[in-house]
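Work through these exercises with the model open beside you. Try each task before reading its solution.

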Amino acid sequence: ASDGDLASRYDFQISPCVDFGKFIEKVPWAVFRPTTEAQLVACVGFLGREAIPFKVRGSGHSSGGQPLIEQGIVLDISGVSGVVTDDPEGQQVTVYAGTEWMDLVRFLRAQNRHPLVLTDNWWTTVGGTITVGGFGDASQQYGMQADIVDKIRIITLDGELHEVGPGDTLFDYSLAGRAQLGVISAATLRT
């Protein structure tokens, strides 16, 4: 292989076989790349019905191989991104899970607003960090990024899309839950 091929092979932003850490390499059976929430729902429902193992991947910034799989599918949610709704008066914004924090910061900056908690790496996805917690610069005051979430839309393995909030078991156990109960497709965040 030429140097260019080797570099591409280990470019975590391109290759679904490595993540930011580049310590582990796993080649999946396939990669699903939905570009809409409806496609994401269909993918999760299919994988659940067929009992096909899968890992959810946003921008691939994990360092220990968490979004990698050999005997299964990588479900790349980075194409399901953008602002769903914005409520400046209520200091809330709803975004798709594949939205990178940098894009959200740019959107909110035009209104002199920002998310209450940001990690040091703004190139991670909203869904990725709230699924693992998301410790950031203002965590001592507001908690983790998962703590600034008011609602989520989550897809369970039966292919059902649920909109849930605090007090709902699916909400309470999905934030910082490492996608064990379903795939978060959108989140409403406090700004």
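**Exercise 1.** Which strands does helix H2 lie across, and at about what angle does helix H2 run to E3?

Start with the ground rules. This is a predicted model, where local features need pLDDT of at least 70, side-chain atom pairs count only at pLDDT 80 or more, and totals for chains, interfaces and linings use all residues. Residues are numbered from 1 along each chain as its sequence is written, and side-chain values use heavy atoms, with hydrogens and water left out.

Step 1: find the helix. H2 covers residues 37-49. Helices (H or I, at least four residues) and strands (E, at least two) are DSSP runs, numbered from the N terminus.

Step 2: read the packing. H2 lies across E1, E2 and E3. Its angle to E3 is about 160°. Axes are lines fitted to C-alpha atoms, for helices over the stretch in contact (heavy atoms within 4.5 Å). Angles run from 0 to 180 degrees between N-to-C directions.

**Exercise 2.** Work out the order of the open sheet of three strands.

Step 1: set the order. It is E1-E3-E2, with parallel pairing. Two strands pair if DSSP finds at least two bridges between them.

Step 2: find the edges. E1 (30-32) and E2 (54-57) each have a single partner strand, so one side of each has no neighbour in the sheet. The twist averages 25° from one strand to the next.

Step 3: check one pair. Four bridges link E2 to E3 (residues 73-76) in the parallel sense. Arginine 57 has aspartate 76 in E3 as its bridge partner.

**Exercise 3.** Trace the antiparallel pairings of E5.

Step 1: take E4 (residues 83-87). Four bridges join E4 to E5 (residues 92-96), and the two run antiparallel. Aspartate 86 is bridged to valine 93 in E5.

Step 2: look at the turn. E4 and E5 form a hairpin with four residues between them. Glutamine 91, in that turn, has a positive phi of about 55°. Most residues other than glycine have a negative phi.

Step 3: move to E8 (residues 183-190). Five bridges join E8 to E5, again antiparallel. Threonine 94 stands opposite threonine 188 in E8.

**Exercise 4.** Is serine 174 buried or exposed?

Step 1: Serine 174 belongs to helix H6 (residues 169-174).

Step 2: read the area. Serine 174 is buried (under 20% relative accessible area), at 6%.

Step 3: list the contacts. Beyond neighbours within four places in sequence, serine 174 touches Ile152, Ile154, Leu181 and Ile184.

Conventions: Buried < 20%, exposed > 50% of the residue type's maximum accessible area, 1.4 Å probe, protein only.
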